[in-house]
Amino acid sequence: MAHPRRNLCRRARRDRRSSPCPSAQPAVGGPGDTSSSDGQFFRAGGRGEARADHNARYGSEPGVLFYTHISDRFAPFHSKVIAANAGEALHVIDGLLDHESSIAIREHATDAAGAVDHVSGLCHLLGFRFAPRIRDLGERRLYALSDLAPWPTLRPLIAGSVNLRAIEEDWDETLRLAASIRAGTVRASVMLRKLAGYPRQNPVARALREIGRVERTLFMLDWLDDADLRRRTNVNLNKGEARNALARAVFFNRLGELCDRTFENQRHRASGLNLIVSAIILWNTVYLDRAARHLRERGIDVPDTLIAHVAPLGWEHISLTGDYLWSELDKPRERFRPLRTTGSPIRT
């Protein structure tokens, strides 16, 4: 018998596929198969369950990170709570595989903190293109597959040779690890943490590192040659940063401080915040589409290339504090508020 939560998720995905899309505006934000992820720090009132650790990057106050994945169409599709002193790179693949939605990600971007060889290698084995933003490009070095004697001018750019023998010897075990992660038997973050925690270098970790060096070298060459790749990566990361700004504005409860001491309650808090942010993004998307159609009906040219630069992440028109009118819930879904063409801003 299937788990009831999985049945509910399957039913929700089926309903989303069968129901008409309320707006065509998200399609102009991107192809829908690229995404980015980033961690956001929130202060905590205590150190419950060793989750409220502090990090020198965020100061001496204890807190946790909400690590969120967002697609190029401004859809947050995965969020989890991690310790403030935990490596964000370990949790990149978890969000790409465990989001339980119909999104099919092809390319994923992270900031410089996610540029880890093991993650690059595992993403390649799982069918994702890992696109971390390379900040210190001048200090990065490439890895070669053969002797560099015929090309002496490239030697300053090469850090060493890839250990192909390590990949060949543990290829079967590495593929078994990737298959287990893809099937959901184990989490990528758990396995990467275990592989990094061995007192002596694990053979599978060594093989993943060598595969990651090959993938990182190829990606760095593409990064230097492909301006569109650099632009696409930065755009996706900027969307994630803008989403974090919206989440920060929404998280006003207890003056923006987590008072939940258990990890489970902190997860509920992160999921609730993600739900409210997604509702605001959906609200803005629907009305941006209606505004664009309103202008087009009056003969004003509003190209999709222009709408692509308008993010549905603003909150100035939304009353985040004050009185809430729950009587609006009984109105039919087809009824919309009139668009504001003149006058002062209207707060909803």
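Mentor: Residues are numbered from 1 along each chain as its sequence is written. In this predicted model, local features need pLDDT of at least 70 and side-chain atom pairs count only at pLDDT 80 or more, while totals for chains, interfaces and linings use all residues, and side-chain values use heavy atoms, without hydrogens and water.

Trainee: How many helices and strands are there in the protein?

Mentor: The protein has 10 helices and 8 strands. Helices are DSSP runs of H or I with at least four residues, strands are runs of E with at least two, and both are numbered from the N terminus.

Trainee: Why are helix 5 and helix 7 called roughly perpendicular?

Mentor: The axes of helix 5 (residues 171–183) and helix 7 (residues 203–225) cross at roughly 85° and come within 9 Å. Axes are lines fitted to C-alpha atoms, for helices over the stretch in contact, with angles from 0 to 180 degrees between N-to-C directions. Angles under 35 degrees count as roughly parallel, over 145 as roughly antiparallel, 65 to 115 as roughly perpendicular and the rest as oblique. The two helices are therefore roughly perpendicular to each other.

Trainee: Which residues of helix 5 and helix 7 meet?

Mentor: Trp171, Glu173, Thr174 and Leu177 of helix 5 meet Val204, Ala207, Leu208 and Ile211 of helix 7; contact means heavy atoms within 4.5 Å. By class, this contact has 6 nonpolar, 1 polar and 1 charged residues. Ala, Val, Leu, Ile, Met, Phe, Trp, Tyr, Cys and Pro count as nonpolar, Asp, Glu, Lys and Arg as charged, and the others, Gly among them, as polar.

Trainee: What makes Glu107 and Arg232 a salt bridge?

Mentor: A salt bridge is a side-chain nitrogen of Lys or Arg within 4 Å of a carboxyl oxygen of Asp or Glu. For Glu107 and Arg232 the N to O distance is 2.8 Å, and the pair meets in a salt bridge. Glu107 lies in strand 4 (residues 107–110) and Arg232 in helix 8 (residues 227–250), so the pair ties together parts that are 125 residues apart in sequence. Both residues also belong to a network of salt bridges, whose other members include Asp33 and Arg129. The whole structure has 19 salt bridges.

Trainee: Is Glu107 buried or exposed, and what of Arg232?

Mentor: Buried means under 20% relative accessible area, exposed over 50%, and partly exposed in between (1.4 Å probe, protein chains only). Glu107 has 2%, so Glu107 is buried. Arg232 has 17%, so Arg232 is buried.

Trainee: Why does Arg165 count as exposed, and what is Glu169 called?

Mentor: Arg165 has 61% relative accessibility, so Arg165 counts as exposed. Glu169 has 48%, so Glu169 is partly exposed. These two form a salt bridge, with the closest N and O atoms 2.8 Å apart. Being 4 residues apart in helix 4 (residues 164–169), they are separated by about one helical turn.

Trainee: Which residue meets Arg293 in a salt bridge?

Mentor: Asp289 does, at 3.0 Å from N to O. Arg293 counts as partly exposed at 40%, whereas Asp289 counts as buried at 12%.
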